Amino acid sequence: MRRFLAGIPLRKPYVHPPRFEGLTLNGRKDKKEGMYSDKLHEECGVFGVFCSDPETDAASLTYYGLFALQHRGQESAGIAAVKNKTLECRKGMGLVGEVFNPEILSRIHGPAAIGHVRYSTSGTSSIENAQPFVSRSKFGSIAIAHNGALTNAGVVRELLEDAGIGFTSSCDSEVIINLITKNYKKGLEKALTDTIKFIQGSYALIVLTDDALAGARDPNGIRPLCLGKLDKGWVLASESCAVDAVGGEFVRDVEPGEVIIIYKNEVLSFSFSEKTRRGVCAFEYVYFSRPDSRIDGVDVYDSRLRAGQILGHESAVVADLVVGIPDSGIPAAIGYSKSTGTPFGLGIVKSKYVGRTFIAPSQDLRERSVSVKHNVIRSEVEGKRVVLIDDSIVRGTTSRRLVSILRQAGAKQVHIRICSPPVRFPCFFGIDTPHRKELISNMTGLTELCAWLGADSLAFLSVEGLLESLAGEDKGYCLGCFIGEYPISAPGETIE
Ligand code: AMP
């Protein structure tokens, strides 16, 4: 283990953690409703600040950081901060701007803080599951913010419950805080490594104690986490756009299988796993992350632009106009336009004030919210052969609705081009994808799907094209939702 002062962190291999003897710690043993099933998948953003200057208002910095990560979760928001060596936490349902105001922030003023934004699917939308989670013991207080999904949370939870440890939520992240708390008497470093021994799945984890801030990323690096530098402190964040938002300087991504611990006068970094194949979520680049973020050396905007260019090479069609579905379809549409020479136009506008389509809980509401969300600029599309670009098709709601309103606005032809391969499989590692039977590409072939969408033609980016868009080499990505192969064993699906 190596310690260093403010500088570029160094890493040293750490002992590979053993597993529970005689127990298969995979999700199939997990009987708790919603603990791993595809009903409970969270999309979250995590953020943390640690400053050496006691006057710094870390809670307000975290508030800004969470604003920048709002696209990762709109259901609940929370901030925990260290004030006079005491951990205070405030959280609530809603957007960051709805949960916090200057008065609330002033009550948690202090030099270190962590924050969380969360979105989970129906049934688990409650304040009990909002993060950060906080635990207090005679050894001190701990708060955690977790993005990801554990595949063995139920088994570990049962073991902890058998040991008399109580739970207050149905969230897998509570397993993590209870494990850390159980081990905390051995010190933070040991508590973290001992915790990581027991958990499987995806995690970008931020931990705050009375005197330290820590970050950990799972051995495959499925969810992103990066390190930034402030004048007098450090930042950990899901995406680099949040480091920018607080005026920080991006230092580097936290490596898969790495723990970073920031104390007042030193920063410590170590790997806790043997080298494993990377499995960074490709969907982060396709849709989930902000275009101004850089994840594991790849700019999200550039990858979307390249995906559009490659899509143009793979399946060009003669047309008068290419439009992208805002927001994530726009860079791809620009790329498609570049490679095919088809003029790019705005064509579709999106209301800035409507949340992500998926937030609507039923198909009926989802369809209506798509029409509230997007509209067509008639003068731009009327009488034209239009190529409509989107980042992905999940249930098909967005594309179907947009084909229909483009036609109503007088488009002569509508050709759909999708900048990712068909989503046919669920994600078990932290992105909300519906059950297999709701994934339209799993249920229908290309021709039927094209007819159902009402389009003149339909094409998806190939898997090879997607990998090429991610900087031209396979650095190791999770393509699970496209090909059904995951970097670690995926839990069984619930049959409905
Ligand atoms: P759908 O309308 O069901 O086909 O979903 C595809 C649309 O939703 C695309 O426009 C994407 O930008 C967006 N999208 C894709 N994946 C997700 C997700 N996991 N959560 C929320 N929105 C998504």
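1. Helices here are DSSP runs of at least four residues, numbered from the N terminus. Helix H4, in this predicted model, spans residues 153-162 and holds both Glu161 and Arg157. The two residues sit 4 apart, about one turn of the helix. Their side chains meet in a salt bridge, with N to O at 3.3 Å. Buried means under 20% relative accessible area and exposed over 50%, with partly exposed in between. Arg157 therefore counts as buried at 10% relative accessibility, whereas Glu161, at 30%, counts as partly exposed.

2. How many salt bridges does a search of the whole structure find? The search gives 21. One of them joins the side chains of Arg252 and Glu258, at 2.7 Å from N to O. Both Arg252 and Glu258 are buried.

3. Arg278 and Asp296 also form a salt bridge, and their closest N and O atoms are 3.7 Å apart. This pair links distant parts of the chain, the two residues being 18 apart. Arg278 belongs to the loop between strand E14 (267-271) and strand E15 (280-281). Asp296 belongs to the loop between strand E16 (294-295) and strand E17 (298-299). Arg278 counts as partly exposed because its relative accessibility is 26%; Asp296 has 10% and so counts as buried. Elsewhere, salt bridges that share partners join Arg72, Arg223, Glu239 and Glu284 into one network.

4. Turning to the sheet: four strands make an open sheet with parallel pairing, in the order E18-E21-E22-E23. Which strands stand at the edges? They are E18 (321-324) and E23 (457-460). Each has a single partner strand, so one side of each is left without a neighbour in the sheet. On average, neighbouring strands of this sheet are turned by 20° against each other, direction ignored.

5. Strand E22 covers residues 413-418 and pairs with E23 in the parallel sense over 4 bridges. Ile418 stands opposite Phe460 in E23. Two helices that pack on the sheet deserve a look. Helix H10 (residues 329-340) touches E18, strand E21 (385-390) and E22, and its direction makes about 155° with that of E18. Helix H15 (residues 446-453) touches E22 and E23. The direction of H15 makes about 125° with that of E23.

6. Ser399 is found in helix H13, residues 397-408. Is Ser399 buried or exposed? Its relative accessibility is 2%, so Ser399 counts as buried. Leaving aside residues up to four places away in sequence, Ser399 touches Leu388, Ile393, Ile416 and Leu453. Of these contacts, the one with Leu453 spans 54 residues in sequence, with the C-alpha atoms 6.7 Å apart.

7. The last point concerns the ligand. How many residues surround the ligand? There are 16, and the closest are Asp390, Asp391, Arg395, Gly396 and Thr398. Thr398 places a polar side-chain atom 2.5 Å from an oxygen atom of the ligand. A polar backbone atom of Thr397 is 3.4 Å from a ligand oxygen atom. On the nitrogen side, a ligand nitrogen atom lies 3.1 Å from an N or O atom in the side chain of Glu43.

How values were computed
Residues numbered from 1 in each chain as written. Predicted model: local features only at pLDDT ≥ 70, side-chain atom pairs only at ≥ 80, totals over all residues. Heavy atoms only, no water. Pairing = 2+ DSSP bridges. Axes fitted to C-alpha atoms, helices over the stretch in contact; angles between N-to-C directions. Contact = heavy atoms within 4.5 Å. Salt bridge = Lys/Arg side-chain N within 4 Å of Asp/Glu carboxyl O. Buried < 20%, exposed > 50% of the residue type's maximum accessible area, 1.4 Å probe, protein only. Near = heavy atom within 4 Å. Polar contact = N/O pair within 3.5 Å; in protein donor to acceptor, adjacent residues only side chain to side chain.
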